[in-house]
Amino acid sequence: MKKGRVTITDIARELNIAPSTVSRALKDHPALKKETKEAVKALAEKLDYQPNLLALNLLQKKSNTIGVIVPEITSHFFSAIITGIQDVIGTSDYNIMICLSNESFDEEKTLIEKLSKLPVDGVLVSPSSETKDFDHFRRLQKNGTPVVVFDRDCPGLESDKVLVDDYSGAFQAVEYLIRSGCKRIAHLGGPVNLSTTKHRLLGYLDALEKNKVPVQKKYIVHVPGFSHKDGLKPTKKLLRLEDPPDAIFAMNDNIAISAMHIAEKLGFGIPGDISIVGFDDQPNSSYFTPSLSTVWQPVYSIGMLSARILLHRLDEPDAPLEFRHESFRPELVIRGSSRKI
């Protein structure tokens with residue numbers, strides 16, 4: 001017997017029977033003799049035969065693989081979403097292939113091209129912060145590959161979507177800051193073209209307007225990314241104003257934590273001089289001193305629901321094409337970094 005992966009042909013040669021007979025025996029075909037099936041299965045077990053799933057899938061014109069494209073994987077946010085996806089996909093016959101766009105539109109397009117050539121059976125995607133054009137997703141759909149968009153919206157793209165009501169989360173946070181007595185509320189927003197950035201900014205603006213708090217453009221600063229370092233310079237810019245803000249609503253917890261660091265470094269008391277609220281409710285948010293007030297969103301559930309919707313598309317390919325648009329409502333979590341009402 002040759003070294004390497006054992007094939008059906010190897011088993012057939014060893015037993016002096018046809019490869020098709022081996023294939024049918026392994027599938028317990030009723031037309032074969034009991035002795036033949038037992039001999040084939042015994043030798044397959046002895047030689048540790050493993051079916052070539054790739055070859056089987058190619059014959060069935062399926063890869064049994066789902067592509068998952070995320071901007072990054074190091075944060076709690078996306079790792080929790082991926083865990084939710086895996087916990088659902090893991091109970092099915094599908095495998096997942098995780099791809100990172102690194103917040104790059106060009107890398108995202110390249111990944112889509114590679115996935116379409118494999119091909120994968122479906123794609124779950126959270127678009128990069130640079131993505132404004134969605135034609136690469138449309139090409140996938142045109143070729144029969146279902147796409148589910150999660151977390152970050154693709155306006156104008158007709159597909160299943162699982163999002164969070166970012167507007168509501170931002171509105172809750174800013175209105176709470178106003179009710180707690182804050183009058184100069186700043187917003188550290190994310191990259192300008194992201195749907196999450198736009199919706200959270202709109203929630204911030206509407207909360208100010210509803211409560212008759214003047215909007216001042218100098219208190220609205222957009223950060224270039226989502227890491228701790230991205231919030232440092234923008235916070236310094238805000239806190240060095242002649243009339244610095246007495247509250248900051250940040251795009252995410254990382255930026256909020258950066259704001260806390262700079263505020264304390266510049267001598268601001270938290271929350272005495274300035275209240276700070278984040279967005280995400282990362283696990284470490286409650287362990288800072290003071291603990292971070294933030295907006296909780298169900299990231300694990302986002303992953304689970306996205307995966308379930310895609311599996312339904314794959315299991316029911318002939319079902320009526322009515323796209324699902326699901327939106328989770330976030331909740332404000334009040335801790336020590338903001339004034340009490």
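Visitor: How many cavities of 30 Å³ or more does the structure hold?
Guide: One thing to know first: this is a predicted model. Rolling a probe the size of a water molecule over the atoms shows where empty space is left. At the cut-off of 30 Å³ or more, the number of cavities in the structure is one.

Visitor: What is the volume of the largest cavity, and what classes of residue line it?
Guide: The volume comes to about 40 Å³. Its lining includes Ile185, Tyr204, Leu208, Val213, Pro214 and Tyr219, along with Lys183, Arg184 and Gln216. By class, the lining splits into six nonpolar, one polar and two charged residues.

Visitor: Let's move to the helices. How are α1 and α2 oriented to each other?
Guide: Helix α1 covers residues 8-15 and helix α2 covers residues 19-26, and their axes come within 8 Å. The axes cross at roughly 110°. Angles from 65 to 115 degrees get one label, so α1 and α2 are roughly perpendicular.

Visitor: Which residues make that contact, and of what classes?
Guide: On the α1 side you'll find Ile8, Thr9, Ile11 and Ala12, and on the α2 side Pro19, Val22, Ser23 and Leu26. Sorted by class, the contact of α1 with α2 has two polar residues, no charged ones and six nonpolar ones.

Visitor: What about α1 and α3: how do they cross, and with which hand?
Guide: Helix α3 spans residues 34-46, and its axis comes within 10 Å of that of α1, crossing at roughly 120°. That angle makes α1 oblique to α3. As for the hand, the crossing of α1 and α3 is right-handed.

Visitor: Which residues of α3 does α1 meet?
Guide: From α1, the partners are Ile11, Glu14 and Leu15. By class, this contact of α1 with α3 counts six nonpolar residues, no polar ones and one charged.

Visitor: Which classes of residue meet between α5 and α12?
Guide: Among the α5 residues in the contact are Phe77, Ile81, Ile85 and Val88, and α12 brings residues including Tyr300, Met304, Arg308 and Leu311. Counted by class, the contact of α5 with α12 has two charged, four polar and 12 nonpolar residues.

Visitor: Where does Ile96 sit, and what does it touch?
Guide: Ile96 belongs to strand β2, which covers residues 95-100. Its C-alpha atom is 6.7 Å from that of Val68, although they are 28 residues apart along the chain. Leaving out residues up to four places away in sequence, Ile96 touches Ile66, Val68, Ile85, Gln86 and Ile89.

Visitor: Which peptide bonds here are cis?
Guide: Most residues other than glycine have a negative phi, and most peptide bonds are trans. Here, Pro119 sits in the loop between α6 and β3, and Pro271 in the loop between α11 and β9. Omega is near -10° for the cis bond from Leu118 to Pro119. For the cis bond joining Ile270 and Pro271, omega is about 10°.

Visitor: Where is Asn102, and what is its phi?
Guide: Asn102 lies in the loop between β2 and α6. Its phi is positive, in a residue other than glycine, with a value near 55°.

Notes
Residues numbered from 1 in each chain as written. Predicted model: local features only at pLDDT ≥ 70, side-chain atom pairs only at ≥ 80, totals over all residues. Heavy atoms only, no water. Contact = heavy atoms within 4.5 Å. Helix = DSSP H or I, 4+ residues; strand = E, 2+ residues; numbered from the N terminus. Nonpolar A, V, L, I, M, F, W, Y, C, P; charged D, E, K, R; others polar. 1 Å grid on protein atoms, 1.4 Å probe; cavity = no way out; pocket = protein on both sides within 12 Å on 5 of 7 lines; lining within 4 Å. Points joined across faces, edges and corners; volume = space filled by probe spheres on them. Axes fitted to C-alpha atoms, helices over the stretch in contact; angles between N-to-C directions. Parallel < 35°, antiparallel > 145°, perpendicular 65-115°, else oblique. Left-handed = near helix turned anticlockwise from the far one by under 90°.
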